[in-house]
Each structure stands twice: as C-alpha cells, then as structure tokens.
Amino acid sequence: MSTATVASIFENQKLPVSFEIFPPKGDLTLTAARAMASELAELKPSFVSVTCSAGGSGNGQATPAIAAMIADEFDVPTVAHLTCINASSQSISDAIADMRERGIANVLALRGDVIPGNEPSASFQYAKDLIPVLADAGFCVGAAAYPEGHIACESDAASIEHLKMKQDAGAQFLVTQLCFDNERIYRFMDAADRAGITPPITHGIMPFMSKDQISRMVFMCGASLPSAIIKLLAKYENDAEALRQAGIEYACGQLIDLAQHGVDGLHVYCMNKPEVARAGIEAVRNAGF
Ligand code: FAD
C-alpha cells in the first residue's frame, strides 16, 4: 500500500504528473473505480486525487474508500478530497477517523460550493478553517488555488491573500483550478511568488471535449476562453470527434508548455477517461520530462 505523502513526492520527483478522478456514479462505484484505476496505474502517475461531491447524483461517500483502494491495491499514492461547507466538528472528526482507519495519507481540504438552501457550517467557513484540523490529525494537506481567482472573489489580489491564508493554516501543496490560458497561469505564478507562497503548486489542466462541456466549465468556475479555443470550437462545430481530439491536443500543448516553463507539477483532470490521462502523461514524458 502506498502511504507516500504528496509533499515527499514533490521533494523526490522532478515533475510529478498526477490525475484527478471522481467516484463513478451508480451502486458499483468501487468496482468501476477499480477497473479505471487499473488502467491509470499502468501510466505510473505520481498520485491520483479523488473528488468528493456534496451529494446529488454523485457518490459523495465513496471518496475515502476509492482513494484507499487505489493506494492499497495498485500502490499508487492518492489524495482524498474533503469539503467542509456543510460539515460539523463531529462530521469532520468522523471523516478523519474513517480516513485514518483506511490509511489515507493525503487530503485536499476544500470549502466546497455554496448550495442554496443548505445551512453553511458554523465551524468551517473557509477551507483555511479545515486545513489545521487535518494537519493536526497527521495528514499531508493540500488546498485549491485559482490562477484566475475564485469565481466569487472580487479581485486577483484578494484571491492571492486567501491562498496565503491556506499556506499559513498548514497547506503543504496546492492544486490549481482548470485554466485554458497558460499566460494567466504564469501571471498567477509570479503573483504567488511575490506573495511568498512556497508550497509546490501543481497545475490542473482539463481537455475540452465539447462545446457544452466547456460552456459549463467556463460558467461554473469563471475560466477565460482564449480565442484559439473559440476558433477550434467554430472549426469543428459539426464534427464531435475532431473537436474532442482538438481538445486533447490543446491540453497536451498546454502541459508541455507548462513543463518547459519549469512548473512544480502537472495535474490532469482526466474526467474518468483513461485515454485522456494517457494522452496527457505521454505528451509530457515524450517531450522529455
Ligand atoms: P475557500 O478557500 O474557502 O474560498 C471560498 C471563497 O471564499 C473564495 O471566493 C475565496 O476567495 C473566499 N475566501 C477565502 N478565505 C477568505 C477569507 N478569509 N475572507 C473572505 N473571503 C475568503 N468541490 C467539491 O465539492 N468537491 C471536490 O472534490 C472539489 N475538488 C476541487 C479541486 C480543486 C483543485 C479545485 C480548484 C476545486 C475543487 N472543488 C471541489 C471546488 C471547490 O469546492 C470550490 O471552488 C469552492 O467554491 C471553493 O473551495 P475552496 O476550498 O477554494 O474555498
């Protein structure tokens, strides 16, 4: 079973390349995740992170089981995501006990999205309130970072200030929100550097697959759409497969450019598609990284 911490991975590997997956939907979520993990493990990622959902159609409870299964059965380091927006001190203590029992080493501490009608947590207003609790419990704790600012944050400067608070609270690594424009990522890196942000930052890249998917993403997280992508969307408007390929190629180009720029790490939002994870990691490795 891999119990490697993400902090140690960044110390020991030149350019960690990791994947994000989400718990497959349906009753057989663990079985479906096992089949996917077996394909991802062949690609030898530095780690795999597993999202958690607040409920709805997702398998919100399955995150720790899937993260533990991948570390245990495939010897791949994992990160379990944990949100706190609707959590109580007791529910977080329970989650900690469960993750400890399963041998989970790394947790991405998140606030989670505000869901209208759900009572916000009295104990955990922001991710920065959850980070020290997880760090005290002995986990290697990561946090989310936003190259273009969080969608609800009024300015880039405030977004960087809030990121600094996560570092001060004990975050040991940072994973960025998807971004389609590397120039924005480089500006963010400079700003983080000037603010004295020191944990390794791994950059989240998501290939676009369709016009609907990219529109959803842009409205959900406020990512900007470079004209190069708009042109591809127009060019392949009537050819779904060609557009999908163009999306993967665009993302691979972003990953290689980021690697050449000397970033700390690369995180592929592979959307549970091993072929997307393969394209991303092979592009980086074939470019000599
Ligand atoms: P926070 O850091 O708490 O920030 C939330 C908002 O409050 C931001 O606008 C921030 O600027 C502001 N803020 C922070 N601190 C302060 C302060 N001290 N004073 C005033 N304002 C402040 N969601 C899920 O539900 N499940 C997942 O698995 C998941 N994984 C993710 C992984 C990554 C890498 C990323 C980037 C996001 C992920 N999300 C996930 C989405 C995330 O939950 C949302 O973006 C959420 O709205 C913010 O989470 P956070 O942890 O960044 O929150």
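Me: How far is an oxygen atom of the ligand from an N or O atom in the side chain of histidine 81?
Reply: This is a predicted model, and the distance is taken between an oxygen atom of the ligand and an N or O atom in the side chain of histidine 81. A polar contact is a pair of N or O atoms within 3.5 Å. The pair that involves histidine 81 is separated by 2.8 Å.

Me: Which helix gives the most residues to the shell around the ligand?
Reply: There are 23 residues around the ligand, and Cys52, Asp113, Tyr146, His162 and Lys166 come nearest. By class, the shell has twelve nonpolar, seven polar and four charged residues. Strand 3, strand 4, helix 5 and helix 6 each supply at least two residues of this shell, and the element that gives the most, with three residues, is helix 6.

Me: What elements are included in the cover of the buried residues of helix 6?
Reply: The 14 residues of helix 6 should span 20 Å at 1.5 Å a residue, and its end C-alpha atoms are 20 Å apart, which agrees. Within helix 6, the buried residues are Ala158, Ser159, Ile160, Leu163, Lys166, Gln167 and Ala169. After helix 6 comes glycine 170, whose phi is positive, near 120°. The cover of the buried residues of helix 6 includes helix 5, strand 5, strand 6 and helix 7.

Me: Is phenylalanine 173 buried or exposed?
Reply: Phenylalanine 173 has its place in strand 6, which comprises residues 173-176. Leaving aside neighbours within four places in sequence, phenylalanine 173 is in contact with residues that include Val6, Phe10, Val79, Val107, Cys140 and Pro199. Because its relative accessible area is 1%, phenylalanine 173 is buried.

Me: How far apart in space are phenylalanine 173 and isoleucine 131, C-alpha to C-alpha?
Reply: In sequence, phenylalanine 173 and isoleucine 131 are 42 residues apart. In space, from C-alpha to C-alpha, the separation of phenylalanine 173 and isoleucine 131 is 11 Å.

Me: Which residue has a side chain joined to that of glutamine 254 by a polar contact of 2.9 Å?
Reply: Glutamine 254 has its place in helix 10, and with a relative accessible area of 5% it is buried. Not counting residues up to four places away in sequence, glutamine 254 touches Cys179, Phe180, Asp181, Asn182 and Ile205. The polar contact of 2.9 Å joins the side chain of glutamine 254 to that of asparagine 182.

Me: Why does threonine 29 count as buried?
Reply: Threonine 29 has its place in helix 2, and, leaving aside neighbours within four places in sequence, it is in contact with Pro23, Pro24, Asn59, Ala62 and Ile66. Buried means under 20% relative accessible area. Threonine 29 counts as buried because its relative accessibility is 9%.

Me: Which elements do the buried residues of helix 2 pack against?
Reply: Helix 2 has 14 residues and reaches 20 Å from its first C-alpha to its last. The buried residues of helix 2 are Thr29, Ala33, Met36, Ala37, Leu40 and Ala41. These buried residues of helix 2 pack against strand 1, helix 3 and helix 11.

Terms used
Residues are numbered from 1 along each chain as its sequence is written. This is a predicted model: local features need pLDDT of at least 70, side-chain atom pairs count only at pLDDT 80 or more; totals for chains, interfaces and linings use all residues. Side-chain values use heavy atoms; hydrogens and water are left out. Helices (H or I, at least four residues) and strands (E, at least two) are DSSP runs, numbered from the N terminus. The expected span of a helix is 1.5 Å times one less than its number of residues. Buried means under 20% relative accessible area, exposed over 50%, partly exposed in between (1.4 Å probe, protein chains only). Contact means heavy atoms within 4.5 Å. A residue is near a molecule or strand if one of its heavy atoms lies within 4 Å of it. A polar contact is a pair of N or O atoms within 3.5 Å; within protein, one must be able to donate a hydrogen and the other to accept it, and residues adjacent in sequence count only if both atoms are side-chain atoms. Ala, Val, Leu, Ile, Met, Phe, Trp, Tyr, Cys and Pro count as nonpolar, Asp, Glu, Lys and Arg as charged, and the others, Gly among them, as polar.
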